[in-house]
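I open this notebook to record what I looked up in the structure shown below.

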Amino acid sequence: MKILVCISHVPDTTSKINFTEGDTKFDTNGVQFVINPNDEFGLTRAMWFKEKQGASVDVVNVGGAETEPTLRKALAIGADAAIRVNAEATDSFYVARQLANVVTNGGYDLVIAGRESIDYNGGMVPGMLAALTEANFVNTCIGLEIDGDTATAIREIDGGKETISSKLPLVIGGQKGLVEESDLRIPNMRGIMMARKKPLTVIDAIESSIETKAVKFEKPAPKGEVTLVSPDNVGELVELLHNEAKAI
Amino acid sequence: MSVLVYTESEGGKFKKAAFEVASYAKEVANMLGTTVTAVSINANDSSELGGYGVDKVLEIKNDKLTDFNAKAYANSLKQVVEKEEAKVVIVSSSVDSKSLASILTVYLNAGYVTNVVELPESVSPFVVKRTAFTNKAFNKTEVTAAIKIIGVSNNSYGIKEVSGTATVEGFEPLISEGDFTTNIISVDKATDKVSIADAEIVVSGGRGLKGPENWGMIEDLADVLGAATACSKPVSDLGWRPHSEHVGQTGKPVAANLYIAIGISGAIQHLAGINSSKVKVVINNDPEAPFFKAADYGIVGDAFEVVPQLIEKLKEFKANNA
C-alpha cells in the first residue's frame, strides 16, 4: 500500500499573528513553524500502517524552500520520502491541483490530508483532491482501518459519528481521533539523523489558474474590558445577559 | 443568473443554518439585482423558505439521497447550477456543506471561500471577509473565478425573516451509480442533544472542574439554556469528555451567540477556537486567568458555588419570562 500524507507548514498554535507589507502578507518574523496538527494526526496514523501493514509513506508539501525543515521533521518521524512542489501555496484550488498531479504520478492508494490547516482554515483541499483524482472521500475522519483494498473509516458528523466502508483509492480529511494526542511522536536523534539521508525531491508546479486571492488581512478590534459580576450576586449576570447582551 | 443557495435539511426539516444562508443569499441577490433560487434535498416543506427571501425552490426528492453522500450531492447541485446558469452559490459551514462544496468547486471550476462572516464588501470585484488563523485574524478574499461559491459561517449573518412566498418546482438530477462507492455501515448520533455546530448557546467546562464526575452541573446548566456542552483540550486529552466536545484551535470551532466557559483558563488556542462567539462569559476562581481578557462578562469565584446558583437564577428567569 502506498500512502501519501499532505503536510501544511503552519505557525505553531501559540503564535501571535501579525501582518506586514500593508497587511497583505503574514509576518513570519519570530514565528515557529510546525506540521499542521490535523496533518500530524494523519501522519502518525500512516506510521502505524507502515509498521503494522508494511505500507510505504511519502509526504508532500506545496511551498517554498522555507518549508523544508517541516518536511524533514515528517521524515524524522518516519516517512520514507518527501516531495516539495515548488510554488507559493495561496489559493486552495491551485494547491489541490498540484497535489492531484503528485497523487496521479505516484499511484497512491491512500491520501491523508488534514481536515483543514490552522492558518488559512480553508478546509477544502481534501475534497478537491478526491474530486480531481476521482478517488473516494471521507472528511472529518476520526478513525481509519485498512484491510486489503477496503477501508473502514469513522466520520465525525454534526452531533455524532458514522462508520463508512469504502474501497481504495481513498482521500481522507483527517483530524484528532485518527490517533490520540498521546500517540504523537517526537523525533529522536536516530530519526533526525536518518531523515537527513532520506530523499526530498523538489518538483516544479504545473500550470494552473488561481480562483481566489487574499487581498488584505486584519486583526479583530481590541476587546473592551470585561464586566465583572460578584459571585454573591449571580442573578445580576442573568439580568445582564438578558437586558444588555440580549443573549438569553 | 439568480443567486443559488443550498438549504440543508435533516430528517426532512430545514436546519437553522438553511434559513441563515437563505437570508444571506437574499441580500447578495439584492446587491446583484437578481432573485434567489434555493435547492432542497428531501425536505418536507420547501415553501417555508419563502419566509427568508427565497423566490424559487428547486426541490429534489430522491430516496438515493436519503443519506448524505458528498459526491452524489455535489453532482446534483452541479446540475442545478448549470440549469439556472448561476454565478453565485451560497452554502453553510456545516461539515457536510464543506465536503460537498469542495467537490462542487472542482466540478464547476469555481472559486470557493469558506468561513465568510459578512456580506460581500463589493460584488465587482467580488470580495468577501472571512476568518483565518483560527479566528485570530480576518482575511479579505477576492473570488476571481466566474462561478463563486461562498460558505457562510454559522451564526455570523443571522436569520432575517421577510414576508414573501417561494414557488416550488421539482427537479430530478441524473444520479450516477458511480457516486455511491462509500457506504454508511452505522450511525451513532445523539438525537436528544444540541450539537455544537447548531447551538446558539454553548456551555463549556475545563480542568477547573477537577474530574468527569462533576459534569452534572455543566449538563444541568446546558439543559436550562437549551445549550450544547463542550470542553477544553486538556479535558478531552484526559478522557473526561469525548473528543467531539473539544473546542479550540485543534478541536471544533464555536460561533455561538453565547459561550459560557467554566473552569477554563483561556489558553491562546482555546480562545482562538471560540473567538467568533458573540457574547463570552467566564467563571473562574483565578482572577489572572487569561480568559478574563477575552470575555464580556466574568465572575471570579468557585464554579462549584457559582454554577448551581446560576442554574437556579436561570430557572427563575425562565419561569418569569415563559
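Among contacts in chain A between residues at least 6 apart in sequence, what percentage join residues at least 24 apart? I found 71%, where contact requires C-beta atoms, placed from the backbone, within 7 Å.

I note that this is a predicted model, in which local features need pLDDT of at least 70 and side-chain atom pairs count only at pLDDT 80 or more, while totals for chains, interfaces and linings use all residues. Residues are numbered from 1 along each chain as its sequence is written, and chains are lettered from A and ligands numbered from 1 in the order in which they are written.

**Chain A.** I listed six helices and 15 strands in chain A; these are DSSP runs numbered from the N terminus, helices being H or I of at least four residues and strands E of at least two. The C-alpha trace of chain A spans about 65 × 45 × 40 Å along its principal axes.

**Helix pair.** I then looked up helix α6 (residues 234–244) of chain A, which packs against helix α8 (residues 303–320) of chain B at an angle of about 50°, the axes being 8 Å apart. Axes are lines fitted to C-alpha atoms, for helices over the stretch in contact, and angles run from 0 to 180 degrees between N-to-C directions. Among the residues that meet are Leu237(A) and His242(A) in α6(A), and Leu310(B) and Phe317(B) in α8(B).

**Ile147(B).** I located Ile147(B) in the loop between β10 (137–143) and β11 (148–152) of chain B. Leaving aside neighbours within four places in sequence, Ile147(B) is in contact with Lys87(B), Val89(B), Leu108(B) and Ala110(B). The C-alpha atoms of Ile147(B) and Tyr112(B), 35 residues apart along the chain, are separated by 8.6 Å.

Technical notes:
Contact = placed C-beta atoms within 7 Å.
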